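Visitor: Could we go through this structure together? I would like to begin with the overall picture and then turn to details.

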Amino acid sequence: MPHAAHRVLVVGIDGVRLDVLNRLPTPHLDALAAEGFLAPIEVDADTPTMSGPCRATVVTGVTVAKHAVWSNDFTGNRLDVFPDFTTRLAVQDGRRTFVAAGWQPLMQAHHGGPLFRAPSSTAYVSPTADTPEAWEHCDEQITEAAVRVLAGTGAGADVPVNAEAGAAGGVDDDVVASFVYFGAPDETAHFLGCGEAYEASIRRADARLGRLIAAARSRPSYADEQWTFLVVTDHGHVDAGGHGGRTPEERTAWLVAAGPGIGPAPRPLRHADVAAQVFAALGRHWTLDGRPFAAAPHAVLLDMDGTLVDTESLWLRTVREAVPRIDAGDLFDVLGRSATEAAARLLPLTGDDDPMSLAADLEARFLTAVQREAAPLPGALALLDLLQESGIPTALVSASSRPVMDAVLKTLGADRFRTTVAEGETPRSKPAADPYLAATRSLGVDPAACLAVEDSPTGVAAAEAAGCRVLAVPSYAPIDPGPRRTVRRGLEGIGKEELWAAGL
């Protein structure tokens, strides 16, 4: 099936207190939150509660210690080393990006700016004065310009959109990531405090957000696209309207997120997670301080025995029959291992001196049992169907032999897998990384962007040695959660949200 085009819109609404937002009717933010989540963000302890540092963290994905924007004076920053996501995507990936904003340091060389160094196209309209009224008019013009770009209808005459010189196809043919900034609520709070005028400005910002979302959804190509919408504030305010201090009202920000794989609010969020999620939504992964909270795996690599098919019980029974005196510790130690490796570990318990004979015996007994009794585990076929419907390549990666794998494929359906790796087809078997690395090479994907699904500690060790994210569904031996490892009871009920979030 053809892959949908992924696009991201980030909207930064300056200075909106979460407690105020929660009591206001904001239908467009509420609708996005219902599709995904609304969650608080606590400004990092080392970050001043000012727009410059917080906004820089949002769009670069790194903290102040790296981007070095410590105030609204950007002088001395390291944005050349840690660029904003629109610049990184445009310069390093050649993708089209767009920024619309009216705050000068974001867009121009002013007080050490700009924050956005080199997006593909921009719309910049500065307010005529630092007043709430002027900022409302500025935000309105920014909205009009952004609506045309998001809808794919081109730049209008009243608000110029500056395109990269010589760019083919115009300024809005294929914009994949956009950032739009609204400053009026923050300016209103500074002048008038967090009262009725401030609340009215927040409601107007919500209405403008609605127009942006409607523009994206009006695109002729929208049905073939997958959009991620992220709306974030940088800091709050004290009641009188100021900020820059360390009160809970100032340090509490928030994020609204909706899009592919985004479900209920995940772990505690940070501002740096926003840029990380932008990259993840577009299938890119850079080393940042932030972490994505939903990322479509580039491929899913599935273990076979005990993960997709009920063969671990058959394997344990096989081992018990071949080695009747085995205890529980030795028995579970051979879970996830090949017949050859299992034989080497079990030989001292048998009194024999021929590991090859024991391996052959284990293999023959196990193959016979699989051919007669193997059946898919609950949720296995539904998961494989979900992956196929989502266009995500899959690989079957097993420590079982090719004859055993071929027997199982008759049950699962060989056409469900883009590639398969069996025991003996790599220099080393699990728990070494070789089988997973072979699968990713065959698929042409980065292991770090792949999700491995495993049921045994041996398999988890192999997947993590290859650098994969891991979704563990323990069969007999327990598995603890860990970095880039999610543990759940079984495959039943797994949807996109669980897949996208697993191992992040």
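The conversation below moves from the whole chain to one strand and then to the cysteines.

Guide: Please note at the outset that this is a predicted model.

Visitor: How many helices and strands are there in the protein chain?

Guide: The protein chain holds 20 helices and 14 strands. Its C-alpha atoms fill a box of roughly 90 × 50 × 40 Å along the principal axes.

Visitor: What share of the residues is buried?

Guide: Of the 504 residues in the protein chain, 58% are buried. The protein chain exposes about 19,400 Å², and 51% of that area is supplied by carbon and sulfur atoms.

Visitor: And the charges: how many positive and negative side chains are there?

Guide: There are 43 positive and 65 negative side chains, and the centres of the two sets lie 2 Å apart.

Visitor: Now to strand β3. Why is it described as largely enclosed?

Guide: Six of the six residues of β3, residues 96-101, are buried, so the strand is largely enclosed by the rest of the structure.

Visitor: Which of its residues point which way?

Guide: Arg96, Phe98 and Ala100 point one way from β3, whereas Thr97, Val99 and Ala101 point the other way. All of these residues are buried. In a regular strand, side chains alternate between the two faces of the sheet.

Visitor: Which strands pair with β3?

Guide: One is β6, residues 175-182, which pairs with β3 in the parallel sense over five bridges. Within that pairing, Arg96 has Val175 of β6 as its bridge partner. Another is β4, residues 121-124, also parallel to β3, with four bridges. There, Val99 stands opposite Thr122.

Visitor: A change of topic: how many disulfides does a search of the whole structure find?

Guide: The search finds zero disulfides.

Visitor: Is Cys194 buried or exposed?

Guide: Cys194 counts as buried because its relative accessibility is 12%, and the cut-off for buried is under 20%.

Visitor: What about Cys468: how far is its sulfur from the closest cysteine sulfur?

Guide: The distance is 5.6 Å, to the sulfur of Cys450, and this too is too far for a bond. A disulfide would require the two sulfur atoms to be within 2.5 Å. Cys468 is buried as well, with a relative accessible area of 2%.

Conventions. Residues are numbered from 1 along each chain as its sequence is written. This is a predicted model: local features need pLDDT of at least 70, side-chain atom pairs count only at pLDDT 80 or more; totals for chains, interfaces and linings use all residues. Side-chain values use heavy atoms; hydrogens and water are left out. Helices (H or I, at least four residues) and strands (E, at least two) are DSSP runs, numbered from the N terminus. Buried means under 20% relative accessible area, exposed over 50%, partly exposed in between (1.4 Å probe, protein chains only). Accessible areas come from the Shrake-Rupley method with a 1.4 Å probe; for residues, only the protein chains shown count as cover. Lys and Arg count as positive and Asp and Glu as negative; His and the chain ends are not counted. The place of a charge is taken as NZ of Lys, CZ of Arg, CG of Asp or CD of Glu. Two strands pair if DSSP finds at least two bridges between them.
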